[in-house]
Amino acid sequence: MPVSNAISFYNGQAIDTKQVPVLDVGTFRSSVIDAAASGMRIAALFAAPLGNSRLRLFAVLADDSAGTLGVLSADVGERYPSVAVDCTQAHWFEREIAEQWSIVPEGHPWLKPVRFHPPYRGGRRQDEPITPSVMDFFKVAGEQVHEVAVGPVHAGIIEPGHFRFQCHGEQVLNLEISLGYQHRGVERASVGGPNKRTVHYVQTLAGDTTVGHTTAYCQLIESFSGRNVTPRAQVLRAIALELERLANHTGDLGALAGDVGYLPTSSFCGRIRGDFLNMTALICGNRFGRGLIVPGGVGFDVTDRHCESLAERIAQGLKDVTVAANLLWSTPSVLSRFEDTGRVPIQTCRELGLVGVPARASGVEMDCRFNFPTGMYRFAQVPVSTWNTGDVFGRAYVRWLEIQRSVAFIRDQLASMPDGPITTQAKPLSPNRFSVSLVEGWRGEICHVALTGPDGGLMHHKIVDPSFHNWMGLAMALRDQQISDFPLCNKSFNLSYCGHDL
Amino acid sequence: MMTTLKLVHLVLAFVAAPLLLGIINRTKALFAGRRGQPLLQAYYDIWKLLRKGAVYSRSTSWLFAAGPWIGFAAVVAAATLVPFGGARAPIAFPGDFLVLIYLLGLSRFLLVLSALDTGSSFEGMGASREVTFSALSEPALLIALAAVAKYTGCMSLSDMVVATVPHLWLCAGPIVVLVGLALLIVFLSENCRIPVDDPNTHLELTMIHEVMVLDHSGPDFGIILYSAALKMWLLGQVLVGLVVPAHTGVLWVDTLAVLLSMALLAVLVGIIESSMARVRLLHVPQLLVGATTLSILAVVLVLR
């Protein structure tokens with residue numbers, strides 16, 4: 001169902017910026033709220049400057065059932081009525097907008113910075129607090145209520161993030177997550193580009209999602225320049241994306257086992273993850289796929305010998321990971337830890353606009369490869385893997401289902417590898433365009449949105465990592481749980497800090 | 001001669017205690033397909049820590065620094081009460097098993113106090129968990145020993161193992177099995193092993209024992225590690241002494257049998273840790289109450 005007032009288009013299709021409807025803020029707000037109420041998701045909500053210091057709000061709405069995207073916009077001044085009041089999905093986006101452009105969404109229930117950087121416009125004195133400057137954590141008072149602060153420095157070798165628990169004994173009443181320690185300013189670095197550095201910045205947006213983010217970015221650039229990608233390059237991109245999924249899902253299953261102290265799966269998966277990473281290295285020489293995806297195609301070709309070797313290795317990989325995963329599902333002590341831990345009901349998933357594995361584990365049938373297919377996924381479909389419990393077990397089991405389907409997909413693609421070149425002639429970017437590119441990375445929906453200026457350079461680049469949607473889901477999963485189950489819940493989401501912090 | 005022997009046994013306990021950790025870790029490594037850390041890694045760690053300097057938070061008092069050392073003294077005192085397999089302990093008197101249990105309790109109490117002294121929310125949580133679980137494993141241990149005491153009519157741990165073990169198996173097999181299982185669960189719980197605690201985790205929020213000692217460093221931490229190893233050895237000795245009938249009368253055979261049993265116990269712990277996940281913290285009490293039930297069943301069988 002198309003949203004009223006929005007222009008409808010497809011994933012990876014560039015439209016003229018003038019075609020994007022500009023509404024007044026009130027209509028914009030109610031249109032977004034209505035669209036969310038009718039089952040659409042906010043894929044991105046951001047403010048972009050329009051040259052002369054004016055700001056325009058853009059909302060990209062994803063209609064999973066129709067496979068179309070909608071976009072609408074509105075010019076805003078210093079303040080506007082908050083969308084989040086009536087549409088929870090917008091909550092984190094509005095905090096981001098308020099922080100980046102120092103505009104106030106009036107009535108926002110919890111207006112705090114998300115990354116703690118000075119605003120992009122207007123000066124700020126050194127001693128001035130970063131706006132919006134609410135720094136309080138949500139507090140619970142009462143007898144036997146205590147507060148536990150974890151991070152930003154953690155005991156393991158992981159990224160920094162601060163977690164503030166309000167507990168009653170061992171029970172968590174509320175968890176508030178405070179991020180931003182990894183903020184590097186990647187979005188701003190793209191402005192005026194793309195230049196030689198841009199693709200490298202994108203590759204390291206979230207180190208474990210190199211292929212996902214780079215594919216999304218390349219689709220975006222290709223949509224602006226009308227550059228086609230050859231079938232062979234599309235197949236290689238899809239194989240790399242699935243290999244990334246395989247490596248990370250396998251690693252996650254191992255880490256989940258490690259968190260409950262179950263050694264066999266933990267040890268096996270650690271090694272098998274390496275095997276999958278090495279398969280990516282076989283294609284491009286880098287275990288994380290750096291340099292593989294480039295605008296216009298792929299940077300490395302494979303020979304028949306590579307394909308044979310890949311097919312062999314993938315068969316062995318599946319065999320190994322099957323043994324390791326089935327150990328998990330057949331060990332009662334593991335299942336008793338996984339089941340009913342960190343449950344997120346499907347209703348909460350929809351309200352928060354969760355994406356990827358956590359959403360599918362709660363029964364939301366959503367997968368960009370299926371709903372918004374691009375590249376090879378238009379011709380070879382990957383079924384959506386869902387589960388209905390929404391707990392740690394569900395999130396683990398969906399990963400296992402996806403591992404099997406990714407292997408099947410890669411095998412099919414290897415068996416019918418199209419011939420031809422791997423890259424096409426570069427073309428200049430068209431000016432004054434707006435485009436959205438969605439890719440189902442292993443964590444979930446990766447969304448890149450960009451506008452080109454009159455010179456064809458990027459005027460604004462907005463990146464939404466799946467983690468941006470899902471951190472709030474983790475906070476909700478912890479409600480009324482045991483604080484000792486936090487690491488397990490956290491691992492079952494396995495969200496990115498730098499992907500969120502950008 | 002007897003005194004020398006007892007002292008040799010005592011020294012053997014002091015020397016060999018950290019070896020158990022090495023055996024457990026090597027067993028786990030074997031299951032995971034790794035080579036694993038050196039067998040003597042625990043010795044290296046303790047020796048390294050003892051030579052380091054300690055860091056003290058400004059918010060701690062003398063209690064924080066004293067806790068590990070008083071705790072260590074309590075465990076050393078407890079060591080004099082524990083028989084070596086079938087041989088009598090250096091000190092034995094009626095009711096000594098109560099003193100043993102409460103000396104170990106004293107050691108824990110001091111560790112809990114020094115954890116609370118830091119004022120850290122992690123250590124407070126760890127202390128709360130440690131105390132809750134030890135309160136539940138204490139009855140299991142006490143009742144199990146009471147069952148043996150009642151059956152044998154001996155009130156001293158040394159008498160219990162010396163006088164009875166060979167025919168205990170023949171006359172009262174079920175009691176030994178029940179007591180053995182209860183003591184094994186207590187052994188796992190008191191020594192922070194899976195399924196109760198995961199000694200290898202780095203996740204502060206799930207730890208029990210490890211989180212209590214997060215702020216200790218250098219020699220203090222070294223002595224905590226050593227006390228923990230010694231405590232594991234002592235509880236292992238109690239378990240092995242009551243369950244393994246190593247009473248041939250030939251000194252070296254008995255000694256070897258006891259050492260071998262201790263090694264097998266460590267292997268068993270390694271196997272348990274490699275084959276199951278840690279239970280949910282909320283379910284740990286059920287496990288410990290289960291151990292208490294086994295002990296009570298043993299008492300019922302004795303009284304029957």
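This is a predicted model: local features need pLDDT of at least 70, side-chain atom pairs count only at pLDDT 80 or more; totals for chains, interfaces and linings use all residues.
Q: What radius of gyration does chain A have, and why does it agree with that of a compact globule?
A: Chain A has 502 residues, and a compact globule with that number would have a radius of gyration near 23 Å. The C-alpha trace of chain A spans about 65 × 60 × 45 Å along its principal axes. The radius of gyration of chain A agrees with the globule value, because it is 22 Å.

Q: What percentage of the residues of chain A count as buried?
A: A residue counts as buried if 20 or more other C-beta atoms lie within 10 Å of its own. Applied to the 502 residues of chain A, this gives a buried share of 55%.

Q: Among contacts in chain A between residues at least 6 apart in sequence, what percentage join residues at least 24 apart?
A: Two residues are in contact if their C-beta atoms lie within 7 Å. For chain A, taking contacts between residues at least 6 apart in sequence, the share that joins residues at least 24 apart is 68%.

Q: Which domains does the domain assignment give for chain A, and how far apart do their C-alpha centres lie?
A: The assignment for chain A gives domain 1 as residues 7-106 and domain 2 as residues 193-466. The contact between them takes 21 residues from domain 1 of chain A and 25 residues from domain 2 of chain A. The C-alpha centres of domain 1 and domain 2 of chain A lie apart by 27 Å.

Q: Which element gives the most to the side of domain 1 of chain A that touches domain 2 of chain A?
A: On that side of domain 1 of chain A, the elements giving two or more residues are β2 (14-16), β4 (41-49) and β6 (68-76) of chain A. The residues of this side divide into 11 nonpolar, seven polar and three charged. With six residues, the element that gives the most is β4(A).

Q: Which pattern does chain B follow along the sequence?
A: The secondary structure of chain B comes to 11 helices and zero strands. Read along the sequence, the pattern of chain B is α-α-α-α-α-α-α-α-α-α-α.

Q: What radius of gyration does chain B have?
A: The C-alpha trace of chain B spans about 55 × 45 × 45 Å along its principal axes, and 52% of the residues of chain B count as buried. With 304 residues, a compact globule would have a radius of gyration near 19 Å. Chain B agrees with this, because its own value is 19 Å.

Q: How are α4(B) and α5(B) oriented, roughly parallel or roughly antiparallel?
A: The axes of helix α4 (residues 96-117) and helix α5 (residues 121-152) of chain B come within 10 Å and cross at roughly 175 degrees. Angles over 145 degrees count as roughly antiparallel. Therefore the orientation of α4(B) to α5(B) is roughly antiparallel.

Q: Which element gives the most to the side of chain B that touches chain A?
A: The contact takes 24 residues from chain B and 25 residues from chain A. On the side of chain B, the elements that give two or more residues are α1 (2-32) and α10 (251-275) of chain B. The residues of this side divide into 11 nonpolar, six polar and seven charged. With three residues, the element that gives the most is α1(B).

Definitions and conventions
Residues are numbered from 1 along each chain as its sequence is written. Chains are lettered from A and ligands numbered from 1 in the order in which they are written. Domain bounds come from an automatic or database domain assignment. Helices (H or I, at least four residues) and strands (E, at least two) are DSSP runs, numbered from the N terminus. Ala, Val, Leu, Ile, Met, Phe, Trp, Tyr, Cys and Pro count as nonpolar, Asp, Glu, Lys and Arg as charged, and the others, Gly among them, as polar. Axes are lines fitted to C-alpha atoms, for helices over the stretch in contact, and angles run from 0 to 180 degrees between N-to-C directions. Angles under 35 degrees count as roughly parallel, over 145 as roughly antiparallel, 65 to 115 as roughly perpendicular and the rest as oblique. The radius of gyration is taken over C-alpha atoms; the globule rule is 2.2 Å times the number of residues to the power 0.38. A residue is buried if 20 or more other C-beta atoms lie within 10 Å of its own, exposed if 12 or fewer, and partly exposed in between; C-beta atoms are placed from the backbone.
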